[in-house]
Amino acid sequence: MNESLDARQYALATQRNREPILNVLLQVLPPTGTVLEISSGTGEHAVFFAPRLQPRKWIPSDPNPVARASIATWREHCPADNLYPPIALDVRDPIWEVEQDELPEPLQDIDFKCNPIVAIVNINMIHISPWSACLGLLAGARRILSPNGILYLYGPFKQGGKHTARSNANFDESLRAQNPEWGVRDLDEVVAVAQAQNLSLVETYAMPANNLSVIFQA
């Protein structure tokens, strides 16, 4: 591909966190079925995880067309039989594309009866989006996940209303300076909303750079 036409974007954090995240996913994901990645960003996680998590199918998504172009180009460079093209998905929408009677073209060859969405993976989103995005994510997980399905969240969290590290507090300040609707979320508040959506907290895992992997089950 011509370098000038290469739409790939890069996130340094992906290189640091992808192996630890993969180790958790291998422990918590159901062995088969479809994984829907919400807010896939650059697409680097998708092309790394999909071939390592076969036979599960992996659907990346992002509301940002620039991000979807990056995901698609990464997929061209690092193809995997179980990695689908990215779809446009905003978690705040009342009906997601994967719920529609007529699926978007990239997904039309998936038989969700045989390969239901058994997991939703969301990495580094809820702190760099409005609280409404977190609410939409949890509501969508309740609607979409098959019984015993898994919702995986990764990122920094407050615990008991307090930051777990000074670096997280500084990060929170910088986020709120960029957008007052952003910020590191309190895990207790996220868990309370999840419980209201019939999603049970299963486990939390300490991760590098004072982040957490948070596992909910439908």
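This is a predicted model: local features need pLDDT of at least 70, side-chain atom pairs count only at pLDDT 80 or more; totals for chains, interfaces and linings use all residues.

Colleague: What pattern of secondary structure does the chain follow along the sequence?

Modeller: Helices (H or I, at least four residues) and strands (E, at least two) are DSSP runs, numbered from the N terminus. The chain has six helices and eight strands, in the order α-β-α-β-α-β-α-β-β-α-β-α-β-β.

Colleague: What radius of gyration does the chain have, and what would a compact globule have?

Modeller: The radius is taken over C-alpha atoms, and the globule rule is 2.2 Å times the number of residues to the power 0.38. For 218 residues the rule gives a value near 17 Å, and the chain agrees, with 17 Å. The C-alpha trace spans about 45 × 45 × 30 Å along its principal axes.

Colleague: How many residues of helix 2 are buried?

Modeller: Buried means under 20% relative accessible area, exposed over 50%, and partly exposed in between (1.4 Å probe, protein chains only). In the chain, 50% of the 218 residues count as buried. In helix 2 (residues 44-52), seven of nine residues are buried, among them H45 and F49.

Colleague: What covers the buried residues of helix 2?

Modeller: Contact means heavy atoms within 4.5 Å. The cover includes helix 1 (12-28), strand 1 (34-38), strand 2 (57-60), helix 3 (65-77) and strand 3 (117-123).

Colleague: Which residues does I123 contact, leaving aside its neighbours within four places in sequence?

Modeller: I123 belongs to strand 3, and its contacts are I21, I38, S39, H45, F49, Y152 and Y154. I123 counts as buried because its relative accessibility is 6%. Its C-alpha lies 6.4 Å from that of G155, 32 residues away in sequence.

Colleague: Is N211 buried or exposed?

Modeller: N211, in strand 8 (residues 211-217), is buried, because its relative accessible area is 12%. Beyond its neighbours within four places in sequence, N211 contacts Y154, G155, P156, Y205 and A206.

Colleague: Which backbone oxygen lies 3.2 Å from a polar atom of the N211 side chain?

Modeller: That oxygen belongs to P208.

Conventions
Residues are numbered from 1 along each chain as its sequence is written. Side-chain values use heavy atoms; hydrogens and water are left out. A polar contact is a pair of N or O atoms within 3.5 Å; within protein, one must be able to donate a hydrogen and the other to accept it, and residues adjacent in sequence count only if both atoms are side-chain atoms.
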